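Please read the points below with the model open beside you.

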Amino acid sequence: MPRQVWLCASLALAGSLAAPLCAQKAWTWAELRDRFQASNPTFHAAQLNVDEARDQEITAYLRPNPDYTLTTDGNQFAPHEGVWQPFSGTLFINNISYLHEREHKRELRLQAAQANTHVTEFQRDDQLRNLLFNLRSGFVQALQAKAVLEVARENLAYYDRTLEVNRLRFKAGDIAQVDLDRLELQRIQFQSDVLTAETNLRTAKIQLLMLLNDRTPVAQFDVTGPFDFQETLMSLQDLRDSAVATRPDLQAAIRSVQMAKVSHQLAIANGSTDPIFSGWWTHNGSFSNPQAINTLGVAVSIPLRIFDRNQGEKARTEVDIRRNERLEDASRAQVFNDVDSAYVTLENNLALLRPYKSTFLALASRVRDNVSFSYQHGGASLLDFLNAQNDYRTVQLNYVNLVGAYLTAAAQLDLSVGKEVIP
């Protein structure tokens, strides 16, 4: 008997420990966003591009290395007039030379590399902006699928209660067999809604797990958040101003113009002459002075920029400035287009949602309940009852889909502005 008690207690303890492991973890949008930035490999690859750009700044600011040359000369390699002293007149020349860069070439290379780093950072932020839009869209789809599933289950439960009442009416002889059969057939539509909503919810969760690079089983993953809409919006001008200040693709275009200007300055500097200073020390090095066993020498080499004055790069970088300025204008126009389009779409969704929330939802529920009551008491036809059920189902699903469209449009507005303006 004590052994049986111990076994039952062990099973109960194991069940209590296993239950939390199988429970779903409901993630909010803020938690999903932070988790995404910590685990998404595409975003991490973009961050590595920024790290590479910063490393290029080190290379750009390096000084030229000096050159060291060891030369030996004066070795006799064949006898002459019977004398062969191969190493008696050997010269050893130690030469050090250094290229002196003029016109601030090093500083300009550093400025160009830093500008490239800023452009790469904004490109990373722009990639994150688009990836977060995909994540937000998947999050909205999951919330919408959950809301549709809740409506579908509520409709099925309501219809099952009504169907049970009508089965009792059939047994009492209050309705005909054909009416009951039509009611039984109508249930398939509500059951199909539930199964379709479950499939859509599972698909949305799989999409989110892919974006999160997560291998959590779908049954143990869930999302939560408000599935509703806001009545008011920021003004269009405020959204435009915010987008101009924060959109990373526009900021990257602006920085590209600055980088092109620095590259043009560097091309002009590279057309200047850089002298090479050299110095050497020799042993037994002077032929004109037999006493000069140890000698020093210096030299300056100045390239003559007669033909090559870097004309091609000067012209190319000047054209590149104008090209990037045109791209900046195009990016600015695209920002305004994106904000205006998303704003109009969101306003249209709000215009449809307001009457649904204030009138249509309550009206559809009242009509369904009244017609159901009338049909059960013989005051309405079967066709009226089925139409009322379908009308309620249609209104509820339309409202849920409109809220989903609103949240998707809100995510599109966040994408167009470059930051979250609608939480």
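1. A nonpolar core is taken here as a set of buried Ala, Val, Leu, Ile, Met, Phe, Trp, Tyr and Cys residues joined through side-chain atoms within 4.5 Å. The model is a predicted one. Its largest nonpolar core has 28 residues, and Y406 and L413 are those with the most contacts inside it. At least two residues of this core come from each of α6 (236–246), α8 (311–376) and α9 (382–417). The largest share, eleven residues, is supplied by α9.

2. Which residues does L413 contact, leaving aside its neighbours within four places in sequence? They are L239, V339, A342, Y343, L346, V421 and I422. In soluble globular proteins, nonpolar side chains tend to be buried together.

3. How far apart are the end C-alpha atoms of α9? The distance is 52 Å, which agrees with the 52 Å that its 36 residues should span at 1.5 Å a residue. The expected span is 1.5 Å times one less than the number of residues in the helix. After α9 comes G418, which has a positive phi, near 100 degrees.

4. On the strands, β5 (residues 276–283) pairs with β3 (residues 91–99) in the antiparallel sense, over eight bridges. Within this pairing, W280 of β5 stands opposite N95. β5 also pairs in the antiparallel sense with β6 (residues 294–301), over eight bridges. There I276 stands opposite S301 of β6. In a regular strand the side chains alternate between the two faces of the sheet.

5. Is S272 buried or exposed? S272 sits in the loop between α7 (248–270) and β5. Its relative accessible area is 13%, and buried means under 20%, so S272 is buried. Not counting residues up to four places away in sequence, S272 touches R102, E103, K105 and R305.

6. N65 is another loop residue, placed between α3 (41–60) and β2 (67–73). N65 has a relative accessibility of 66%; the cut-off for exposed is over 50%, so N65 counts as exposed. Its C-alpha is 7.9 Å from that of L99, although N65 and L99 are 34 residues apart in sequence.

Notes. Residues numbered from 1 in each chain as written. Predicted model: local features only at pLDDT ≥ 70, side-chain atom pairs only at ≥ 80, totals over all residues. Heavy atoms only, no water. Buried < 20%, exposed > 50% of the residue type's maximum accessible area, 1.4 Å probe, protein only. Helix = DSSP H or I, 4+ residues; strand = E, 2+ residues; numbered from the N terminus. Contact = heavy atoms within 4.5 Å. Pairing = 2+ DSSP bridges.
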